Amino acid sequence: MFAEGGCAGVQRRGSILVCLTAVVAGVAIGFIGGAFRWCLETADRSRVELVDWAHGLPGPGWLVPIAFAALGATLAALIVRWVPLAAGSGIQHVEAVYRGEAEPPLILLLPAKFIGGVLSMGAGLVLGREGPTVHMGAAIGAESARRARLSDADVRMMQTAVGGAGLAVAFNAPIGGTMFALEEVTKSFRLQTVLATLFAAASAVGCMRLMLGNEPDFHVEALAAPALAWLPLFVVFGLLTGCLGAVYNRLLLWFLDRVGGVRRIPAVAKAALIGAVIGLAMFIYPESVGGGDSLTQLILSGQSIVFPVVLGLLLVRFVAGPLSYSAAVPGGLFAPLLAVGALWGLLFVGVFGAVWPGDASVLAVPMALVGMAAFFGATVRAPVTAVVLVMEMTATTAVGIPMLAATAAAVLVAELTNSPPIYDSLRERMSPDLRR
């Protein structure tokens, strides 16, 4: 009896230590992730000002954004040469660590991911802040667990929990970050992992909001819930979105294979060339590059965008995202996915409105919101995370039922097309050197 009580006491103390460690690590990624977001927002504004200035220059002003983006991509690639694990999103590495297929990241990853991400995304590459923030959170979580002398299993769990807190910081979505860690990374709901992730996400987002404000990422005017009669249309939209998500995943892997397969050109030079292409697109239309938050906000604000511009932006960003990711510099996939989903929803309503006898414009913002969740769900294959993230980022639940139906339809179609979840594919492609 005494032995059983002693074991229970040890387990309780262990659980308390895990939760305290999660809180400390959450505070760290909250402030660091908040600083990362602030740097990227500042870089976005500076990039727009640079393009405006370049347009006013005499002569070939278009060379300025090309050189700017190429330089940023080059410097980011040099950091990856120094710390190879800093390349790409990093979420696939977090998943591999949790599965025991790779070693937890060292704290050296933190400055590499931070500086490299500011350089690559600040330069305008179509990448997202969430991948680097998740990976930085994982590095902080693993280091905190090691210093707390937790077991190897708890170190792996802690890097996952604080990685989820990193996503919560990146998107200002504590529940979404928690769901991501559980639904996408661990694919389980073990109580200790749930508690650690909740504590880390709550403390992280609280600290981030102290820095950047206590507002949702996107401001959406009050919406009326779409009539249930429109529900079949949202389901059809979801089915088509599933096909689009499968195409996007295949295009991303195609770019990785083609760019990575060119051995004669150094990785740094390839990153510079891709940066130059993005810089040219930046000069032509600034909203076609970058993470896409300002574009998404424009759509969700109900601003009128003419049909050819919507189509052009969708095509450019659909290709520019995978192209940017193939540069193998720090940057994630999620934020660009949300912008593509919003554009796709707007385009769908435009096409539908051309053949529908009534006024379909009232569906523009609801369909954009649904497109964000459905496209995310189709590519990542984490439908609950997708729905929760969009609801938290926009602070709206009015389109909850259509969003659930369309996201479920999109994930179903993506599964039926035998398109694997994107992070499963990326994890399988990880270099053996990065697994040590």
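Is Arg-156 buried or exposed in this predicted model? At 19% relative accessibility, Arg-156 counts as buried, because the cut-off for a buried residue is under 20% relative accessible area. The legends below treat the whole chain and then selected sites.

**Figure 1. Overall view of the predicted protein chain, with 17 helices and 0 strands.** The radius of gyration is 21 Å, close to the 22 Å given by the globule rule for 436 residues, so the chain is as compact as a globular protein of that length. Along its principal axes, the C-alpha trace spans about 75 × 55 × 40 Å. Of the 436 residues, 58% count as buried. Among contacts between residues at least 6 apart in sequence, 84% join residues at least 24 apart. The accessible surface comes to about 17,700 Å², and 69% of this area belongs to carbon and sulfur atoms. The chain carries 27 positive and 26 negative side chains, and the centres of these two sets lie 9 Å apart.

**Figure 2. The salt bridge between Glu-103 and Arg-156.** The side chains of the two residues meet with an N to O distance of 3.7 Å. Glu-103 lies in the loop between α3 (91-98) and α4 (109-122), whereas Arg-156 belongs to helix α6 (residues 152-171), so the pair ties together parts that are 53 residues apart in sequence. Glu-103 is partly exposed, with a relative accessible area of 41%, while Arg-156 is buried at 19%. Leaving aside neighbours within four places in sequence, Arg-156 is in contact with Val-97, Tyr-98, Gly-100, Ala-102, Glu-103 and Pro-104.

Figure 3. Just after α3, Gly-100 takes a positive phi of about 80 degrees.

**Figure 4. The salt bridge between Arg-47 and Asp-44 within helix α1.** The structure holds 14 salt bridges; in the one shown here, the side chains of Arg-47 and Asp-44 meet at 2.9 Å, N to O. Both residues lie in helix α1 (residues 2-55), where a separation of 3 residues amounts to about one turn of the helix. An α-helix has 3.6 residues a turn, so residues three or four places apart point the same way. Arg-47 counts as buried, at 7% relative accessibility, and Asp-44 counts as partly exposed, at 31%.

**Figure 5. The salt bridge between Glu-143 and Arg-146 within helix α5.** The closest N and O atoms of this pair are 3.2 Å apart. Glu-143 and Arg-146 both lie in helix α5 (residues 130-147), 3 residues apart, about one turn of the helix. Glu-143 counts as buried at 18% relative accessibility, whereas Arg-146 is partly exposed, with a relative accessible area of 30%. Elsewhere, salt bridges that share partners join Arg-37, Glu-41, Arg-129, Asp-217 and Asp-293 into one network.

**Figure 6. Positive phi values at Arg-149 and Ala-395.** Most residues other than glycine have a negative phi. Phi of Arg-149 is near 60 degrees, a positive value in a residue other than glycine. Arg-149 is placed in the loop between α5 and α6 and is exposed, with a relative accessible area of 77%. For Ala-395, also a residue other than glycine, phi is positive and near 55 degrees. Ala-395 lies in the loop between α15 (383-394) and α16 (400-416) and counts as exposed, at 58% relative accessibility.

**Figure 7. Val-362 and Pro-226, residues 136 apart along the chain.** The C-alpha atoms of Val-362 and Pro-226 are separated by 8.7 Å. Val-362 has its place in the loop between α13 and α14 (364-380). At 56% relative accessibility, Val-362 counts as exposed.

Note on methods
Residues are numbered from 1 along each chain as its sequence is written. This is a predicted model: local features need pLDDT of at least 70, side-chain atom pairs count only at pLDDT 80 or more; totals for chains, interfaces and linings use all residues. Side-chain values use heavy atoms; hydrogens and water are left out. A salt bridge is a side-chain nitrogen of Lys or Arg within 4 Å of a carboxyl oxygen of Asp or Glu. Helices (H or I, at least four residues) and strands (E, at least two) are DSSP runs, numbered from the N terminus. Buried means under 20% relative accessible area, exposed over 50%, partly exposed in between (1.4 Å probe, protein chains only). Contact means heavy atoms within 4.5 Å. The radius of gyration is taken over C-alpha atoms; the globule rule is 2.2 Å times the number of residues to the power 0.38. Accessible areas come from the Shrake-Rupley method with a 1.4 Å probe; for residues, only the protein chains shown count as cover. Lys and Arg count as positive and Asp and Glu as negative; His and the chain ends are not counted. The place of a charge is taken as NZ of Lys, CZ of Arg, CG of Asp or CD of Glu.
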